Amino acid sequence: MQFLEKRIEFLERVFYNGCERTEYDMLKSIIFDMDGVLVNSEPVHYRAYLMALEPWGKTFSYEEYKTYVGTTNAVILDGLIRKFKLPITRDEFNEMMKEKKAYLYERDGYPGIDGVPELLETLKAAGYTLAVASSSPYENILKATKALGIQEYFDVLISGESVERSKPAPDVFWKAAEILGTAPGDCLVVEDSCNGVRAAKNAGMACLGFVNPDSGNQDLSCAVRLTDSFREVDAAFVEAVYQKWEQSGL
C-alpha cells in the first residue's frame with residue numbers, strides 16, 4: 001500500500017490533476033536496456049570485434065555490426081564465425097572479446113549517455129521500481145552500472161544470457177518483471193534497437209524508443225514514442241507514454 005499511496009500522490013500532483021488511479025492500471029516499473037541506452041557502448045564493442053578479428057585479417061563494416069544491436073553476444077559471435085569461417089569455437093572467440101573490451105574500457109572508461117543519472121534519480125524518487133534487462137553478460141552489466149555510478153538506482157539487473165531466447169523474444173523482459181513482482185502490463189521499457197522494441201511489444205509492455213545515432217538506423221516503429229534526449233524525459237513524460245500505450249491497445 002505504501003507504493004500505491006506514493007504513486008497516487010505523485011500522479012495527482014504532477015500529471016493526473018487529482019484523478020485517482022488504481023493498482024490495476026498504473027505504471028509501476030521501468031525496464032532499461034543497457035547498451036546504447038545507459039552506456040554508449042556500441043562503438044566500443046565494434047572496435048573490440050575488429051581487434052579480435054585482426055589475426056585472420058578480417059573486418060566488417062559498422063553498418064553490418066548495427067544489424068546485431070540488441071542481440072546477445074552468442075548471436076554475434078556465431079554470426080561472425082560463420083561469415084568468416086573462423087577456426088575457433090564460440091567460447092574461444094568470446095574470451096578474445098572479453099579481453100579486447102576490458103582493454104578498451106580500462107583505457108577509455110565507460111561512455112555514459114547524457115541525462116541518464118538525473119533521469120534515474122527522478123524516476124526512483126517518483127516511486128517506480130527500475131531494472132536493467134540487457135543482452136550483455138551479467139558481469140558486463142555489473143561493471144558498467146558500477147563504473148557510471150548508477151547501479152544503486154536499480155532493483156534488478158538481468159542478462160539476456162540467463163534466458164532461453166534472445167531479443168526480439170520477450171524472455172529477458174518477462175524475467176525482469178517477474179523478479180520485480182510487476183505484471184507485464186504495468187511495465188514500460190526503454191530501448192534503442194529494433195530487436196529491443198519488438199521484444200517489449202512481444203512482452204506486452206509499453207515502450208519508449210531512444211534514438212541513439214551510434215546504434216544505427218534502427219526501426220523503432222513498435223515504440224509508443226521516441227526521444228533523442230533523456231533531458232526531456234521525467235516521470236510525467238513516462239506516464240504520458242504509458243497512458244498513450246494503454247489507450248491505444250498497442
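## A chat about cores, rings and a cavity

Me: Start with Thr 227. Which strand is it in?
Reply: Thr 227 is found in strand E6, residues 225–227. Keep in mind that this is a predicted model.

Me: Is Thr 227 buried or exposed?
Reply: Buried. The relative accessible area of Thr 227 is 2%, and buried means under 20%.

Me: What does Thr 227 contact, leaving aside neighbours within four places in sequence?
Reply: Leu 208, Gly 209, Phe 210, Val 211, Glu 232, Val 233 and Phe 237.

Me: And its side chain? Which backbone oxygen lies 2.9 Å from a polar atom there?
Reply: The one of Ser 229.

Me: Switching to the nonpolar cores. How many residues are in the largest?
Reply: The largest nonpolar core has 36 residues. Phe 32 and Leu 38 have the most contacts inside it.

Me: Which elements give two or more residues to this core?
Reply: Strands E1 (29–32), E2 (129–134), E4 (187–191) and E5 (206–210) do. So do helices H6 (116–125), H7 (138–147) and H10 (235–248).

Me: Where does the largest share come from?
Reply: From H10, with six residues.

Me: Back to Leu 38. What is it in contact with, beyond four places in sequence?
Reply: Its contacts there include Phe 32, Val 116, Val 132, Leu 148 and Phe 154. Asp 33 and Gly 112 are also among them.

Me: What about another core, apart from that one? How many residues?
Reply: That other core has 22 residues, among them Tyr 46, Leu 53, Val 69 and Leu 77.

Me: Now aromatics. How many pairs?
Reply: The count comes to 11 aromatic pairs. One of them is Tyr 49 with Tyr 65. Their ring centres are 6.1 Å apart and their planes are at 45°, so the pair is tilted.

Me: Where do Tyr 49 and Tyr 65 sit in the chain?
Reply: Tyr 49 is in helix H2 (residues 42–53) and Tyr 65 in helix H3 (residues 62–66). They are 16 residues apart, and the pair links distant parts of the chain.

Me: Are those two buried or exposed?
Reply: Tyr 49 is buried, at 1% relative accessible area. Tyr 65 counts as buried too, at 2%.

Me: Which residues do ring pairs link into a cluster?
Reply: Tyr 46, Tyr 49, Phe 60, Tyr 62, Tyr 65 and Phe 93.

Me: Last topic, cavities. How many of 30 Å³ or more?
Reply: One. The largest cavity holds about 150 Å³ of space.

How values were computed. Residues numbered from 1 in each chain as written. Predicted model: local features only at pLDDT ≥ 70, side-chain atom pairs only at ≥ 80, totals over all residues. Heavy atoms only, no water. Core = buried A, V, L, I, M, F, W, Y, C linked by side-chain atoms within 4.5 Å. Buried < 20%, exposed > 50% of the residue type's maximum accessible area, 1.4 Å probe, protein only. Helix = DSSP H or I, 4+ residues; strand = E, 2+ residues; numbered from the N terminus. Contact = heavy atoms within 4.5 Å. Polar contact = N/O pair within 3.5 Å; in protein donor to acceptor, adjacent residues only side chain to side chain. Phe/Tyr/Trp six-rings, centres within 6.5 Å; stacked < 30°, edge-to-face > 60°. 1 Å grid on protein atoms, 1.4 Å probe; cavity = no way out; pocket = protein on both sides within 12 Å on 5 of 7 lines; lining within 4 Å. Points joined across faces, edges and corners; volume = space filled by probe spheres on them.
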